[in-house]
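Good morning, and thank you for coming.

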Amino acid sequence: MTAEVVASQEACVQQLDLYNGTTNDSFCPSTWMMNQLLCVGVCWPTTPVNTTAVIHCPPSKWWLTTTRTLQLYCKPNGLWANDTVENIISKCIDELTLDLMNKEFGLDASPEQVELYENVTKNTKILQIVGYSISLASLIIALLIFYSFRSLHCPRTQIHKLLFIAYTVWLVLDVILSVDLTQEAETYNAGCENGIRERSQKTIRNTPILCETFEVFREYTRFCVFSWNFVEGLYLHRMVTAAVFRKANFKLYYAIGWVMPIFPVLGWAVAMHYTSRQKCWLGYNYSPYYWIIEAPRNALLFVNLIFLINIVRVIITKMRETNTTDTMQIKKAAKAAIVLVPLLGVINLLFLPEKPDSTDPAWIIYLYFYSTSVLITFQGFVCALMFCFFNGEVQQAIKRKWTAWRDSRNPQSRRGTATTHTCISEIRMNSICDASTDNNQNNSNDITAV
């Protein structure tokens with residue numbers, strides 16, 4: 001015989017305390033089974049003896065469908081058949097999901113390897129939230145500075161501002177999703193460890209349409225960051241290598257920075273909508289369709305790498321023409337490269353290899369996750385530091401503003417000299433900004449001030 005499919009796991013859970021510890025020759029009592037690895041539990045309802053209970057697959061982040069069914073036999077003596085929960089739950093998993101789980105966890109890993117992997121990923125998630133938060137705060141302050149001083153309004157800083165805006169929006173989305181993931185994971189894991197028979201609270205990741213929308217916008221804004229990195233490289237390359245500097249073509253820059261990313265991201269989203277079987281497109285970075293957006297993004301980074309190499313070559317060439325010593329040439333080239341690497345985003349090329357799983361050696365797991373967490377999440381902070389806070393023009397603008405404010409509060413210093421000094425400084429600042437765009441002779445000298 002086969003029992004009716006239980007439509008409500010909640011109704012079954014309510015029976016657990018009622019029949020806990022009860023033995024009866026006429027039925028098998030309600031029983032809870034938990035798979036610790038997947039943190040998935042099933043509740044078997046009170047079932048007559050010599051009958052097979054049939055239930056739907058429980059909800060899980062690992063699969064969308066719950067139409068598949070699980071079976072467990074109630075023996076004539078009122079005891080459930082001796083079957084493992086792993087064997088039972090495995091019937092809910094399709095081949096694609098199983099492959100994803102193997103990449104995410106390494107199903108052949110030992111318990112110690114799984115524990116180490118989980119601890120590292122948990123710690124790096126916290127590090128990522130800290131890094132993203134610091135970068136976000138730095139970029140917002142940098143944007144406020146750039147928009148507050150008219151002397152800083154020029155094509156070079158305008159591109160910086162647009163890059164910082166793209167960074168900021170991406171980081172806001174990433175922080176929201178990272179916090180949401182951490183919150184959901186803590187609730188999920190706590191419930192799993194304590195045997196709590198409740199679903200996770202409502203989070204973004206438990207709301208498929210909302211979650212997928214967030215993921216689309218996160219990938220779009222991340223693509224925009226790469227696009228504006230490319231615009232930075234294109235602009236600087238033209239500024240350094242062109243015999244006569246041309247006016248910045250912002251229509252082209254806007255098309256590259258904001259419009260171009262729409263098409264690959266939209267194509268990827270459509271592909272995921274029709275092919276993914278996981279909630280929130282879980283593990284979409286393992287899907288072959290992810291290369292719809294990953295390939296053009298990495299192509300932009302490779303072009304920027306070429307720009308970087310050529311810019312350094314031009315700097316060295318120009319210094320040789322002025323008979324600069326070899327030591328000075330090396331220092332200037334090294335300084336330019338160090339400054340331009342975060343601006344052009346080429347550091348992201350280091351993380352093209354697929355991330356390790358729990359079966360890989362511990363040192364590889366530590367190296368990969370901690371290095372990516374530090375280098376990627378603090379990129380926004382480094383950019384704000386180098387191209388705003390440490391920039392000489394920005395520092396002079398802030399000093400002038402501070403001096404003007406201080407003088408305005410001191411009536412004795414409001415005569416002649418203060419006003420004249422401010423005006424002269426304002427003219428000088430504008431000339432510096434203009435010189436970086438209109439005069440090409442000194443580009444090799446101020447390239448590190450970009």
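I shall speak about confidence and then about the nonpolar cores.

This is a predicted model, in which local features need pLDDT of at least 70 and side-chain atom pairs count only at pLDDT 80 or more, while totals for chains, interfaces and linings use all residues. Residues are numbered from 1 along each chain as its sequence is written, and side-chain values use heavy atoms, with hydrogens and water left out.

The average pLDDT (the predictor's confidence in each residue, from 0 to 100) is 77 for the chain, and 73% of the residues score at least 70. Residues 195-199 have a pLDDT below 50, and this stretch has eleven contacts (heavy atoms within 4.5 Å) beyond near neighbours in sequence. Where pLDDT is low, the predicted coordinates should not be read in detail.

Which residues touch the most other members of the largest nonpolar core? A nonpolar core is a set of buried Ala, Val, Leu, Ile, Met, Phe, Trp, Tyr and Cys residues joined through side-chain atoms within 4.5 Å, where buried means under 20% relative accessible area, with a 1.4 Å probe and protein chains only. Among the 66 residues of this core, the answer is Phe-164, Trp-228, Tyr-253 and Trp-268.

Apart from neighbours within four places in sequence, Tyr-253 contacts Ile-159, Trp-228, Val-231, Leu-234, Tyr-235, Arg-238 and Ala-248. A second, separate core has 15 residues, including Val-40, Val-42, Leu-72 and Trp-80.

Terms used:
Buried means under 20% relative accessible area, exposed over 50%, partly exposed in between (1.4 Å probe, protein chains only).
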